[in-house]
Amino acid sequence: MRNSLRTIQKQQTVRNKLRTLRVICAKTKGRLNSGGGIINQGLKHTDMHISNHCKIELPGWVTDFVENWHEPLSTTSQRMKLAIALSEENIRQQTGGPFAAVVVNEKTSELVSVGINLVTTAGLSIAHAEMVALSLAQAAIGEWNLSHAGHLQLVTSCEPCAMCFGAVPWSGVKSLICGARKKDAEAAGFDEGDKPDHWVRSLQRRGIVVQCGVLKSEAAAVLASYGDNGGAIYNANHGQENN
């Protein structure tokens, strides 16, 4: 019985290998020889490698920074003050770009998550502050739909770029608070992408409350300082990074 099972398992393994080889042949225009090898192919099986994970993790200083932040988060201005302070510290610590965001429970003022821009340190173009904050909030509550955790609010030091704008309605947050505006980020050298002209109205139609320009001068000053001091501008420009 055991020998029969081993034989069946071995046959199944061989069939799976042949099936894999045939798929590779189809993609590379190769063919199988009598020994089951591949000939006349453009890509060897051993050359194929894909990553099966990526990692977004806040640097160690963030935990201490938040734990030592003793100011209340009762108002949008107070919440924005924390986001701006995080963006400044991110520059000082040289752990990313001049952007930060926080997710707060509107009703209880509880801080659910924080996010900073980690594009350059994580090596991921999606690691914008809003994306990091939303992802960590979802990890904290254990699901993707943040609306199931109550009325959660995304507070970001700068209005979302095209990518982050798209993520807002799918996240389940009930409101969005922005500091600096698109033109402030673009003045520092960043490419914010294309959003609908009436992007605020678009979110409002989905039941998301939007407030822009909260502590705008303070938030814009962080971006201007970053640009003036030669901070890395990580736009994809024909594969080149602008500095």
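Is the crossing of α3 and α9 left-handed or right-handed? The crossing of α3 and α9 is left-handed, meaning that the near helix is turned anticlockwise from the far one by less than a right angle. The model is predicted: local features need pLDDT of at least 70, side-chain atom pairs count only at pLDDT 80 or more, and totals for chains, interfaces and linings use all residues. Residues are numbered from 1 along each chain as its sequence is written, and side-chain values use heavy atoms, without hydrogens and water.

**Overall composition**
- The protein has 9 helices and 9 strands, taken as DSSP runs (helices H or I, at least four residues; strands E, at least two) numbered from the N terminus.
- Of its 243 residues, 39% are buried (under 20% relative accessible area, 1.4 Å probe, protein chains only).

**Packing of α3 and α9**
- Helix α3 (residues 76-92) packs on helix α9 (residues 216-228) at an angle of about 15°, with the axes 9 Å apart; axes are lines fitted to C-alpha atoms over the stretch in contact, and angles run from 0 to 180 degrees between N-to-C directions.
- The two helices are therefore roughly parallel (angles under 35 degrees).
- Ile84, Ser87, Glu88 and Ile91 of α3 make the contact with Glu218, Ala219, Val222 and Tyr226 of α9 (heavy atoms within 4.5 Å).

**Nonpolar core**
- The largest nonpolar core has 55 residues, and those with the most contacts inside it are Leu86, Phe99, Leu154, Phe190 and Leu203; such a core joins buried Ala, Val, Leu, Ile, Met, Phe, Trp, Tyr and Cys residues through side-chain atoms within 4.5 Å.
- Helix α3 gives the most to this core, with 6 residues.
- Beyond its neighbours within four places in sequence, Phe99 contacts residues including Ser87, Phe190 and Leu223.

Note on methods:
Angles under 35 degrees count as roughly parallel, over 145 as roughly antiparallel, 65 to 115 as roughly perpendicular and the rest as oblique. Buried means under 20% relative accessible area, exposed over 50%, partly exposed in between (1.4 Å probe, protein chains only).
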